[in-house]
Amino acid sequence: MKDALIKKYNVSVPRYTSYPPANYFHELSAADYLAAIEQSNDERQPHVSFYVHIPFCFQLCHYCGCNSYPMAKAEITDRYVAALHQEIDLIAAHLHRDRRISQIHYGGGSPTSLPLHHIRELNEHLLSLLPTINRPEIAIECHPGYLSTEDWQELTRCGFNRYSLGIQDFDERVLQTVNRAPSRLPVNKIMQILRASGATVNMDFLFGLPYQTPDSFQKTIEQAVEFHPDRIVTFSYGHVPWVHKRQLILERYGLPADSDKQEMFNRASSTLHRAGYRSIGLDHFVLPNDELSLASDAHQLHRNFQGYCTRRTTGQVYAFGVTGISQLSTAYAQNGKEIAAYIDRMSHGQFYITRGYILTRREQIVREVIESMMCNYHLVWSEIAERLSLSTTDIKSAVHYDAARLQEMAEDGIINLSADGISMTSEGSPFIRNVVASLDPLMTNTTKRFSKPI
């Protein structure tokens with residue numbers, strides 16, 4: 001990639017895991033959230049997605065941008081899990097019983113830090129509430145640093161059909177620097193156990209950390225390919241110490257230059273493509289027969305806070321646990337961050353919503369455009385108009401449609417521009433967030449701070 005493009009487009013822009021982004025959230029009442037839940041039963045998207053946030057970690061990684069806390073005593077974790085069950089019942093009471101579960105996702109923190117019988121019981125509770133679609137996605141993020149052979153075997157009996165292994169890097173110097181424990185078991189042993197359960201397995205990696213180089217990260221990806229996971233995810237580290245102060249620790253060791261980060265991604269992409277993986281969205285690489293690959297061909301990819309999914313498994317997201325964010329058709333609602341307060345509220349049958357966002361009709365239209373572009377790397381105005389029962393003029397009026405800015409991006413070679421749509425070029429794909437930001441009305445006069453694409 002030309003250095004001039006990196007210099008011009010590697011600027012602060014949202015990640016667009018939601019629209020509007022989470023730093024636009026403001027105070028939201030429990031009454032507003034309850035009204036949005038009730039309304040969600042009658043929206044165009046009927047499927048239900050559950051997200052369970054487990055905030056605990058045995059040790060906190062310095063790079064982490066998640067809402068996580070040091071591991072608590074067993075008494076606290078037991079009470080926290082009891083509160084999760086209470087919140088599940090609190091929300092379930094307002095969901096229509098003819099709806100279906102399409103997705104369950106456990107994130108954190110480290111969900112696998114909990115005693116695994118808690119995870120099994122939570123899954124059983126969730127799956128008892130509503131029927132499921134055919135082949136729902138039931139997924140959990142796993143920290144391989146602490147699980148024994150017996151733990152992995154028990155986890156496969158908890159009902160999951162997808163596991164995300166948070167490897168991050170195979171270089172132990174990098175892991176030690178960022179305060180992350182390496183895998184307790186050989187990774188091939190873990191893969192054997194999970195494969196035997198018939199589940200999909202993906203490995204997650206992070207680039208842009210201290211001591212990573214293009215050579216070292218390529219070696220890590222080459223090692224990953226040897227295990228042949230169904231999906232490999234290469235997240236770009238977002239350095240936002242004004243949000244997560246512990247990230248300042250990494251500045252003591254130095255962070256790779258933007259050009260080196262881009263080279264890490266380029267080499268990783270080339271290595272994975274040679275191994276038969278296909279690029280999906282910003283950071284995913286999947287095998288050709290993977291459901292995400294098939295959905296991409298049909299332009300049916302979707303994305304939420306939990307990552308990429310298909311429109312088949314897409315649902316309105318109802319989140320449980322501290323800092324969990326529900327993503328409903330008309331609103332976002334985020335729980336507060338204090339564990340003690342969460343436990344207390346749930347014990348009294350009360351919501352613990354502290355912030356969120358009610359979307360206007362215009363913002364719902366903009367969200368549809370942005371999601372289409374972010375997930376499928378192209379958009380066709382007429383297709384979106386048909387999906388929303390509007391005209392293309394209505395759609396373009398809702399977004400910030402700046403023809404001159406889009407033409408400039410086309411001349412720079414990062415997009416292809418036509419009368420009825422926009423598509424990313426291969427060279428421009430790292431700057432998908434920039435293209436989307438140009439269509440975002442909220443970005444015209446923003447003072448918000450974001451991470452850079454590279």
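**View 1. Two salt bridges span the interface of domain 1 and domain 2.** A salt bridge here means a side-chain nitrogen of Lys or Arg within 4 Å of a carboxyl oxygen of Asp or Glu. Take Glu-368 and Arg-44: they form a salt bridge, with their closest N and O atoms 3.4 Å apart. This is a predicted model, where local features need pLDDT of at least 70, side-chain atom pairs count only at pLDDT 80 or more, and totals for chains, interfaces and linings use all residues. Residues are numbered from 1 along each chain as its sequence is written, and side-chain values use heavy atoms, leaving out hydrogens and water.

**View 2. Here are the two domains themselves.** Domain 1 covers 1–20 + 361–453, and domain 2 covers 22–320; such bounds come from an automatic or database domain assignment. Their C-alpha centres sit 26 Å apart. Domain 1 puts 28 residues into the contact and domain 2 puts in 25, where contact means heavy atoms within 4.5 Å.

**View 3. How much area do domain 1 and domain 2 bury between them?** It's about 2400 Å², with 52% of it on carbon and sulfur atoms. Buried area is the accessible area (1.4 Å probe) that two parts lose on being put together, summed over both.

View 4. H12 gives the most, with five residues. Helices are DSSP runs (H or I, at least four residues), numbered from the N terminus.

Conventions:
Helix = DSSP H or I, 4+ residues; strand = E, 2+ residues; numbered from the N terminus.
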